[in-house]
Amino acid sequence: MGFKQYKAFYTCVETGSVSDAAGRLGCSQSAISHLLADLEEETGFSVLIRNKGGVRLTEKGRLLYEDVKQLMESEAKVSEKIRVLSAPEQKTIRIGTFTSVAVHWLPALIKGYEVKNHGIRFEIADGGYKDIADAVKKGKVDVGFVGLPIDGKCKQIPLYKDRLLAVLPKNYPLSGTFPIKKFTEERVITLTDDTDWDSRRVFSQAGIQPNIKYRTSDDYAMIAMTEQGLGVCVMPELLLRGRDGNVKTVELDPPAYRTIGLAITGGKESDPLIEDFIGFIKENLPL
């Protein structure tokens with residue numbers, strides 16, 4: 001006995017008529033009638049009573065229907081599993097990033113790349129420079145935006161030289177540049193030690209000990225504290241984009257910069273998808 005006979009029987013019961021079953025299965029009423037006749041011949045008993053109002057189950061047909069229904073439901077599950085397994089694998093790019101890139105670059109880059117590559121998924125991991133560098137080296141992300149250089153054997157690609165600026169209260173009496181040595185005189189706001197890479201490098205290269213009064217783990221909290229006149233700080237120009245209205249930003253003397261770049265997890269540099277995404281970033285950086 002074939003699966004087609006069971007399916008015709010099940011569909012007649014579900015739709016309530018031979019004609020509706022034929023419409024659902026895309027065949028003629030006569031084909032359905034032949035399949036039902038074959039089923040009844042094989043079983044040796046009637047399964048349906050047909051009349052002008054449609055069909056109804058015989059007593060033996062009702063008992064058979066329960067098992068046929070389970071068979072049809074199992075067939076539907078198998079068909080769905082086959083559909084899922086045979087569908088093209090959905091690609092995912094895992095990106096590590098820090099605040100200024102996450103806010104000012106990444107949304108536009110993701111939107112542009114999705115237009116080019118429908119079906120791409122993104123997983124975003126946020127953190128400080130060290131967090132992202134560690135995630136790249138441990139293979140937790142495919143590509144990370146980092147401050148270059150970083151330690152470790154991974155491919156590193158410089159993207160952008162970002163100015164580091166002195167951030168001062170709006171009414172701070174200064175015209176021109178801000179001498180780095182003045183950070184020994186003013187109250188200084190910095191990030192906590194595990195994330196304070198940029199200003200620490202500035203102070204170290206200048207050979208000074210800044211007068212640090214406040215530490216925070218939030219970049220934008222530093223801006224808010226400076227707005228209230230609590231102190232001065234060093235911040236990257238990209239991070240300040242659109243947030244410098246209530247503070248004064250001036251170039252440092254001597255000038256200082258950070259290099260924003262990409263670090264690629266070992267082995268991923270040869271992945272065609274990652275290689276294509278990196279090429280897209282290079283060509284479409286929203287400066």
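Visitor: Which residues of the largest nonpolar core touch the most other members?
Guide: This is a predicted model. Its largest nonpolar core has 27 residues. Those that touch the most other members are I93, F145 and L262.

Visitor: Which element gives the most residues to this core?
Guide: The elements that give two or more residues are β3, α6, β5, β6, β11 and α11. With six residues, the one that gives the most is α11.

Visitor: How many residues are in the other core?
Guide: Another core lies apart from the largest one. Among its members are V18, L48, L64 and M72. Its residues number 18.

Visitor: How far apart are the end C-alpha atoms of helix α3?
Guide: Helix α3 runs over residues 29-43, which makes 15 residues.

Visitor: What arc do the buried residues of α3 cover around the axis?
Guide: The buried residues in α3 are I32, L35, L36, L39 and E40. On the other side of α3, H34, E41 and E42 are exposed.

Visitor: Is Q5 buried or exposed?
Guide: Q5 lies in helix α1. Leaving aside neighbours within four places in sequence, Q5 is in contact with L35, D38 and L39. Buried means under 20% relative accessible area. The value for Q5 is 14%, so Q5 is buried.

Key
Residues numbered from 1 in each chain as written. Predicted model: local features only at pLDDT ≥ 70, side-chain atom pairs only at ≥ 80, totals over all residues. Heavy atoms only, no water. Helix = DSSP H or I, 4+ residues; strand = E, 2+ residues; numbered from the N terminus. Buried < 20%, exposed > 50% of the residue type's maximum accessible area, 1.4 Å probe, protein only. Contact = heavy atoms within 4.5 Å. Core = buried A, V, L, I, M, F, W, Y, C linked by side-chain atoms within 4.5 Å. Expected span 1.5 Å × (residues − 1).
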